Amino acid sequence: MSGLNETILTWILLTPIIGAILVALIPDRDKTSPWLALITTLVTFGLTLHLPAHFITGQPGFQFEINKPWIENPAIFYHVGVDGLSLWMVVLSGLLGPVGVLASWNAIRERRKIFYSLFLVQQTAMLGVFVSLDLMIYYGFWELSLVPMAILIAMYGRKDGVKAAVKFFIYTFVPSAPLLVAIIWLYVRTGTFNFSVLQSSIANGALPADALFWTALAFLFAFAVKVPIFPLHGWLADSFSEAPVALAMVIAGKLGLYSMLRFHVGLFPVQARAIAPLLIALTVIGVLYGACVALVQRDFWRLIAFATLSHFSLTTLGIYGLNLTGRDGAIYQTLNQGVIEGALFVLLGVLDARYRSSQIASYGGVAAKLPRTASFFVITILAMAGLPMLNGFIGEFLILSSTFTNVSRGWAVAATLTIILGAAYALWLVQRIFYGPESQMTVSTPAADLQFNEWIALIPLAALMLVMGVAPRIWMPPIEHSAQMPLVKQVTESPQIVPMTTQETTR
């Protein structure tokens, strides 16, 4: 078992790539490509489960770590590992792999080899971002994650995939240029890309503060676009409208939010604290803006895009409140949103495939035709709205309560409005699509309820929504322990980032 512990991360990264090569080489006959992709993603998910099964909560530093020389000059190491921050992100990515394949089972009918090959490459890229501890290796995976997304959006877009793909690529690729410059500058000044060494050097004042400000800003810019944070969300609605369901699950949020925690707050705590008031203001604006714009959307893909902007803005608020409770809530909410959005995109994909329309006004009374779809949809929407006993409640409560007690009551009250607005657009969407009088499209279009592959994709996600809502302690110990690391405590326990009155301060 110790031998597997030493190589498990390598196997997790290699398995999707091996699957992608096999899919590309084997003739595409009938369902060969999806079956091979499904087997690959299931094996990958099984490997990711080895991590929580053998993760030692309370052990300092990174676990399952591999640090081997790769390139001599510049000194790039194959350096990977996980801690409480990245552990569940890896497992979540592993889970969404087979869900994405099952959601695409009948939706992708042409050029399957290309689709599933690129999807598996995307899987490796995401996993690589979460485990990389060498900044150049991290950057390679970060860039790799953009390419399959852009290609698949262009190839499989519903109406104008090329336009959406170009917008996505420009928005996400351009900020990566200053990120690369910043990484190279750090290497020139320190002679290393090693995350832990850089973290210690910056904390000890080995680098000039003025230059660090611009370096940290370059990191933040790249991550903020990928989340996205208001007003850098211009690519989001078009990408959601055009992306295949399997890509829409991972196109926003997780990579950017994780990178903010690990490589912005983690590497540049002083600079993160300095810019936190601005980010808090932008995230609260994003929370309200996303929810309000979602209320007036008439296309359900665009509605979910702006709802995502609102929810991930709230998660970013938890990060830049720079306190332990908010940080834990932000990590947990990132996991929650991954599960909720995975189910939601599968269900919206079902509706789009059955009725060939994403216009909400065209629907009505669908519950009578698709009762099982309606049941899963209601559960998912209630979780997204933050109903107690479902997983969306826990993260929101931790973020909002920490903002109220540790940041500002005013910002907390403003952000809390998203719960009311979120419930409004979520319940309106359910009522308009599934209940009320049957529309002409619903009456005239024969549609089958959930198929076997869709059942298999949705059941574990629905179960997780309940279990994560009633038993968060299953997931929280590693997350909480990662917050006890010395440099994390330094940034979260230093003086408050927003001026508050004595009555508003709790520490």
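**Salt bridges across the chain**

Modeller: The model is predicted; its pLDDT averages 89 over the chain, and 95% of the residues score at least 70.

The salt bridges come to seven in number. One of them joins Asp83 to Arg262, with the closest N and O atoms 2.6 Å apart. Asp83 belongs to the loop between S2 and helix H3 (84-103), while Arg262 sits in helix H12 (residues 254-265); the two are 179 residues apart, and the pair thus links distant parts of the chain. Both Asp83 and Arg262 are buried.

A salt bridge also forms between Lys167 and Asp238, whose closest N and O atoms are 2.7 Å apart. Because Lys167 is in helix H6 (residues 161-173) and Asp238 in helix H10 (residues 236-242), this pair ties together parts 71 residues apart in sequence. Lys167 counts as partly exposed, at 26% relative accessibility.

The side chains of Glu454 and Arg354 meet in a further salt bridge, at 2.9 Å from N to O. Glu454 lies in helix H21 (residues 452-470) and Arg354 in helix H15, so parts that are 100 residues apart in sequence are tied together by the pair. Glu454 and Arg354 are buried. Through shared partners, salt bridges join Lys167, Asp238 and Arg302 into one network.

A caution concerns another part of the chain: over residues 498-507 pLDDT stays under 50. Where pLDDT is low, the predicted coordinates should not be read in detail.

Key
Residues are numbered from 1 along each chain as its sequence is written. This is a predicted model: local features need pLDDT of at least 70, side-chain atom pairs count only at pLDDT 80 or more; totals for chains, interfaces and linings use all residues. Side-chain values use heavy atoms; hydrogens and water are left out. pLDDT is the predictor's confidence in each residue, from 0 to 100. Contact means heavy atoms within 4.5 Å. A salt bridge is a side-chain nitrogen of Lys or Arg within 4 Å of a carboxyl oxygen of Asp or Glu. Helices (H or I, at least four residues) and strands (E, at least two) are DSSP runs, numbered from the N terminus. Buried means under 20% relative accessible area, exposed over 50%, partly exposed in between (1.4 Å probe, protein chains only).
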